[in-house]
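Thanks for coming, everyone. Let me put the structure on the screen, and then we'll walk through it.

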Amino acid sequence: MQIRTAVEDDHDGIKAVLDAAFDQPDESRIVERLRNDDADSLELVADHHGDIAGMVMFSPASAHLDDGTLLRGLGLGPVAVKPDHQNRGIGSALIEAGLEHFLPYPVAFFCVLGAPDYYAHFGFTPAIERGWRWFADDGSIPEMAQAFQIRLPRPLPAGHGIVRYHPAFEL
Ligand SMILES: CC(C)(COP(=O)(O)OP(=O)(O)OC[C@H]1O[C@@H](n2cnc3c(N)ncnc32)[C@H](O)[C@@H]1OP(=O)(O)O)[C@@H](O)C(=O)NCCC(=O)NCCS
């Protein structure tokens with residue numbers, strides 16, 4: 001299994017992974033829109049003897065803090081592994097390789113929407129614990145607040161924040 005940057009020839013394989021993993025086409029549409037908008041900051045694939053077994057995308061996100069600061073970060077997602085390849089560490093390898101790729105860059109935060117038990121492995125914590133919200137979360141669905149998580153590569157001053165993903169996520 002090789003984790004590498006995606007190239008155009010991988011796009012059909014990536015779509016197949018996304019559609020199978022999510023059982024619906026929304027995520028592959030989001031990925032296409034991110035690519036079309038040049039908002040695919042990093043797209044990695046897990047290449048299993050020429051077959052695409054998994055993918056992860058990182059795209060620009062911003063956080064507006066209540067003191068007026070604007071922070072530039074990255075949204076992690078979608079991440080997907082073909083159902084028959086899941087639970088073998090491929091998702092973890094993709095996420096870790098992506099986070100490692102950005103180590104030299106001044107990324108203020110990473111954000112993700114997903115299962116807290118899974119993303120805790122990679123240093124994510126519920127954003128709500130810092131007073132950060134995802135802009136579409138009005139606080140009415142407590143599970144949503146727990147599912148929206150952030151990871152800060154470097155310490156940041158305290159303060160409430162509203163995070164926005166790239167508009168490609170607004171299907
Ligand atoms: C989530 C996903 C990418 C993980 O990839 P993977 O290669 O199967 O994961 P790994 O093998 O690296 O990790 C497996 C571990 O994650 C856990 N895990 C997987 N999905 C999980 C979930 N939704 N919630 C909590 N834990 C989860 C497994 O129980 C396992 O835990 P263990 O190591 O303690 O046994 C994959 O299951 C997938 O494609 N799911 C469907 C799409 C999806 O929900 N993507 C995430 C939202 S963008």
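One definition before we start: a residue is near a molecule if its C-beta atom, placed from the backbone, lies within 6 Å of it. Keep in mind that this is a predicted model.

So, the ligand. How many residues surround the ligand? The count is 18, and the closest are A21, Q86, G91, S92 and A115. Now the elements. Helix 1, strand 4, helix 3 and helix 4 each give two or more residues to that shell. For orientation, strand 4 is 70-81, helix 3 is 90-101 and helix 4 is 116-119. Which of them gives the most? That is strand 4, with 5 residues. By class, the shell has 9 nonpolar residues, 7 polar and 2 charged.

Let's step back to the whole chain. The protein chain has 5 helices and 9 strands. In sequence order, the pattern reads β-α-α-β-β-β-α-β-α-β-β-α-β-β. Along its principal axes, the C-alpha trace spans about 50 × 35 × 30 Å. The radius of gyration is 16 Å, and that agrees with the value near 16 Å for a compact globule of 171 residues. Of those 171 residues, 35% count as buried. Contacts next. Take the contacts with a separation of 6 or more: 68% of them join residues 24 or more positions apart.

Helix 1 covers residues 11-22, and helix 2 covers residues 26-36. Their axes come within 7 Å and cross at roughly 145 degrees. Who makes the contact? On the helix 1 side, I14, K15, L18, D19 and F22; on the helix 2 side, D26, E27, S28 and V31. Sorted by class, this contact has 4 nonpolar, 1 polar and 4 charged residues.

Stay with helix 2. Its buried residues are E27, S28, I30, V31 and L34. Why do these residues lie on the same side of helix 2? Because they cover an arc of only 155 degrees around the axis. After helix 2 comes D38, with a positive phi, near 55 degrees.

Next, two alanines in loops. A39 sits in the loop between helix 2 and strand 2, which is 42-48. Why is A39 partly exposed rather than buried? Because A39 has 19 other C-beta atoms within 10 Å, and buried needs 20 or more. Leaving out residues up to four places away in sequence, A39 touches L34, S59, P60, H166 and A168. Pick out H166 from that list. A39 and H166 are 127 residues apart in sequence, yet their C-alpha atoms are 7.5 Å apart in space.

The other alanine is A158. Where is A158 found? In the loop between strand 8 (148-151) and strand 9 (161-165). A158 has 10 C-beta neighbours inside 10 Å, so it counts as exposed; the cut-off for that is 12 or fewer.

How values were computed: Residues numbered from 1 in each chain as written. Predicted model: local features only at pLDDT ≥ 70, side-chain atom pairs only at ≥ 80, totals over all residues. Axes fitted to C-alpha atoms, helices over the stretch in contact; angles between N-to-C directions. Helix = DSSP H or I, 4+ residues; strand = E, 2+ residues; numbered from the N terminus. Contact = placed C-beta atoms within 7 Å. Nonpolar A, V, L, I, M, F, W, Y, C, P; charged D, E, K, R; others polar. Rg over C-alpha atoms; globule rule 2.2 N^0.38 Å. Arc of directions from axis to C-beta.
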